[in-house]
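I opened my notebook to look up salt bridges. I wanted to see who pairs with whom, and where the partners sit.

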Amino acid sequence: MSQPMVPAPRSRLPLRRRPAALLATATARLIVTLRPHRIRRILSVVRRGAAPATTEQALASRDAVVAVSARCAGEGCLQRSVATALLCRMRGVWPDWCTGVRTAPFRAHAWVEVDGLPVGEPHRPGEYQRMMVVPAALPEERRPERRP
């Protein structure tokens with residue numbers, strides 16, 4: 001994507017949490033080489049059965065991914081967002097995974113959000129027009145079950 005940004009501050013990740021973050025980052029590195037429709041299809045399949053993530057869970061996953069990957073800490077927003085979503089999924093939850101653009105000036109970006117708010121991102125909600133979303137739950141999954 002083309003979202004210019006200052007590299008995110010990288011903190012040290014406890015040794016016991018590094019393997020999952022490294023696996024998510026490495027898997028994301030492979031996934032982001034695919035065409036957009038395949039990325040969406042893969043993430044849609046991986047998302048199945050996951051509970052919606054909380055902001056804290058998504059932010060913890062994002063911070064872990066940034067801590068183990070210089071690319072994710074910098075301008076690798078697509079890899080960072082996919083790795084964050086995958087790490088959340090390893091923990092049994094899923095945030096909304098989004099890609100989008102803005103026009104003035106033109107920028108493309110990928111991020112995760114919870115309840116319509118970007119997680120750990122410097123941009124404001126609604127600044128980017130969403131182009132592709134893999135939601136935490138499909139609309140029919142979010143509805144409470146009706147009982148006769």
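Entry one. I started with E113, which forms a salt bridge with R130. Their closest N and O atoms are 2.7 Å apart. I noted that this is a predicted model. Then I looked up where the two residues lie. E113 is in strand β4 (residues 106-114), and R130 is in strand β6. They are 17 residues apart, and the pair links distant parts of the chain.

Entry two. Is E113 buried or exposed? I found a relative accessibility of 3%, so E113 counts as buried. R130 has a relative accessible area of 38%, so I wrote it down as partly exposed.

I asked how many salt bridges the structure holds. The count is 4.

I turned to R102 and E127, whose side chains meet in a salt bridge at 2.2 Å, N to O. This pair, too, links distant parts of the chain. R102 belongs to strand β3 (residues 96-103). E127 sits in the loop between β5 (117-118) and β6 (129-134). The two are 25 residues apart. R102 counts as buried because its relative accessibility, 18%, is under the 20% cut-off. E127 is partly exposed, with a relative accessible area of 22%.

I looked up R124 next. R124 forms a salt bridge with E127, with 3.9 Å between the closest N and O atoms. R124 counts as exposed, at 59% relative accessibility. Which residues do the shared partners join? I wrote down one network of R102, R124 and E127.

Conventions. Residues are numbered from 1 along each chain as its sequence is written. This is a predicted model: local features need pLDDT of at least 70, side-chain atom pairs count only at pLDDT 80 or more; totals for chains, interfaces and linings use all residues. Side-chain values use heavy atoms; hydrogens and water are left out. Helices (H or I, at least four residues) and strands (E, at least two) are DSSP runs, numbered from the N terminus. Buried means under 20% relative accessible area, exposed over 50%, partly exposed in between (1.4 Å probe, protein chains only).
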